[in-house]
Structures are given as structure tokens and as C-alpha cells.
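Look at the fold first, then read the points below.

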Amino acid sequence: MLNVSSLSASYGAINAVRGVDLQVSAGSLCVLLGANGAGKSTTLRSIAGLHRPIGGSVKLNDQEISRLSLHRVVKSGLAFVPEGRMVVAPLTVEENLKLSHFSGRSEPSLLDKVYTLFPRLADRRRQLAGLMSGGEQQMLAIGRALMTKPQMLVLDEPSMGLAPAIVDLVFQSIVELHKEGQSILLVEQNAAIALSVCDYGYVMKRGQIVIEGTASVLKENPEVLEAYMS
Ligand SMILES: Nc1ncnc2c1ncn2[C@@H]1O[C@H](COP(=O)(O)OP(=O)(O)OP(=O)(O)O)[C@@H](O)[C@H]1O
């Protein structure tokens, strides 16, 4: 499904991502772990068409997408939820969701699907997005991505800045999507919660993947335990 190989990305002289290989198979839920500055966000942004890589390839179902415009990446079936959510504050919840019509992949029935997954959004459909709590904005950002009917959903730190109870709620919805067969790649600082729900994980350090394995193996790895779960 998603096949990233030898991906490299830089900011001028800073080589933020150096030869990253990772795969997400259809229907699987994968996590990319790592400390601050390891290169996780740059990897996701390069996969999603927001940062032009300097080398390597990103294939979605054998189609090379790393040099496509953001719009074409979405059209090819990959939706990205950035760190910090980026909902459009002066628009209502429903208007934010309907923005995905521009992707050319949206269908009216998807709105019901999003409201079923996130009843809070249904209750607040006429509310301005900027007035929603952080957790609700995260749900809205995920909902907006789902409105493009993605084959691959890519999430950058969905738990960031959220209270623990809200993190649980957001992760419950991620688990629900996974059960429905949605393929998901996420970056997460909260390794404990990520490894409790993921199938497979990668650990990044200084721009490279240094450890990978099934979630159950990673949970027992001493380095992962010490660095990310203590
Ligand atoms: N816009 C930018 N300009 C210059 N350097 C950047 C920029 N964004 C990130 N970097 C640098 O690239 C490296 C990787 O950053 P990146 O944000 O990808 O890491 P990360 O693992 O996602 O960290 P975090 O969890 O803090 O977001 C870091 O050294 C960072 O300082």
C-alpha cells in the first residue's frame, strides 16, 4: 500500500531525514516514534506532498507520489492531518468538513460516516471551528481528512496538547477506523498509547530509522522502554 524507500529530506544544510525506508500494508496501523527533532514530522510532510524530498521514493499502490502537488497526493488517496490540526477557525464544523469537496474524492455519505464516528462533531456542526476545544478540533481535522475517502490516513501527533481523557477518546476513534480496515500511519510522542493500539512501529533517531518491529516486540525492547515509555 504505502512504500517509502530511501527517503531523504533537508532544510538547507540540515539533513532532517536520511534514507528512511518504511512500509504500511493495507489495513494496518503503524506508528513512527522518536524524540523531538528526530525527523518524524519531516518524514510525514515529505510523504504527504508538503515538503519536497531530496531523494528516495514514496509509492502509494505503486504510484510514485513524492513529487506530486499536495492536491494530487490527496486525489491519489492519501490524506494528511498535520500537527496542530489547522482547522479553518472562522468556518463552522460542517463547512470545514465540506472543504474536502475540493479534493474530488468526497461523497455526501461520508459526512454521515464522520458524524457517526465523532458524535461530538454532529452535535456541534453549526459551531465555529475556532471555538471548539483542542480535542474537538483534532476530531474535526481527522474528520476532514476522512471526507476525502483516503486509502491511507497519515496523522501527525494526534495527542498533542490534549488532556489524557481526550487523548483516549481520539485514540478510540483511531482504533475504530483501524477495525473498519482503514490504513493508518501516525507519528506519536505518546509511545505507550501508540504501541497499545498499533500493529507495527518504527523508531527514528537523527533522521534515520533505528528500530522497527511489531508493537508487541517494540513494547519489550529495552531501548524503546527506556527512551519512550518511562
Ligand atoms: N522549517 C524548518 N527549517 C529548518 N529546520 C527545520 C525545520 N523544520 C524542522 N527542522 C529541523 O529538522 C529536524 C527534524 O525536525 P522534525 O520536525 O521533522 O522532527 P520531529 O521528530 O517531528 O520533532 P518534533 O516531535 O519536535 O516535531 C530538526 O533538527 C529540526 O530542527
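Two strands pair if DSSP finds at least two bridges between them. Helices (H or I, at least four residues) and strands (E, at least two) are DSSP runs, numbered from the N terminus. This is a predicted model: local features need pLDDT of at least 70, side-chain atom pairs count only at pLDDT 80 or more, and totals for chains, interfaces and linings use all residues. Residues are numbered from 1 along each chain as its sequence is written.

**Confidence**

- pLDDT is the predictor's confidence in each residue, from 0 to 100.
- The protein chain has a mean pLDDT of 92, and 98% of its residues reach 70 or more.
- For the complex, the predictor gives an ipTM of 0.95 and a pTM of 0.94.

**Strand β7 and its partners**

- Strands of a sheet pair through backbone hydrogen bonds, either parallel or antiparallel.
- β7 and strand β8 (residues 183–187) run parallel and are joined by five bridges.
- V154 has L185 as its bridge partner in β8.
- Strand β6 (residues 78–81) also runs parallel to β7, with four bridges between them.
- Here A79 has L153 as its bridge partner in β7.
- A residue is buried if 20 or more other C-beta atoms lie within 10 Å of its own, exposed if 12 or fewer, and partly exposed in between; C-beta atoms are placed from the backbone.
- Strand β7 (residues 152–156) is mostly covered, with five of its five residues buried.
- In a regular strand the side chains alternate between the two faces of the sheet.
- In β7, M152, V154 and D156 point one way, while L153 and L155 point the other way.

**The nonpolar core**

- A nonpolar core is a set of buried Ala, Val, Leu, Ile, Met, Phe, Trp, Tyr and Cys residues joined through C-beta atoms within 7 Å.
- The largest such core has 67 residues, and L78, V154 and L185 have the most contacts inside it.
- Helix α6 (residues 134–146) gives the largest share of this core, six residues.
- Two residues are in contact if their C-beta atoms, placed from the backbone, lie within 7 Å.
- Leaving out residues up to four places away in sequence, V154 touches L44, I47, A48, L78, A79, F80 and L185.

**The open sheet**

- Four strands form an open sheet in the order β2-β1-β4-β5, with antiparallel pairing.
- β2 (14–24) and β5 (63–64) are at the edges and have a single partner strand each, so one side of each lacks a neighbour in the sheet.
- Five bridges pair strand β1 (residues 2–11) with strand β4 (residues 55–60) in the antiparallel sense.
- L2 stands opposite L60 in β4.

- Most residues other than glycine have a negative phi, and most peptide bonds are trans.
- D62 is not a glycine, yet has a positive phi of about 70°.
- D62 sits in the loop between β4 and β5 and is exposed, with 7 other C-beta atoms within 10 Å.
- R206, also not a glycine, has a positive phi of about 45°.
- R206 lies in the loop between β9 (200–205) and β10 (208–214) and is partly exposed, with 14 other C-beta atoms within 10 Å.
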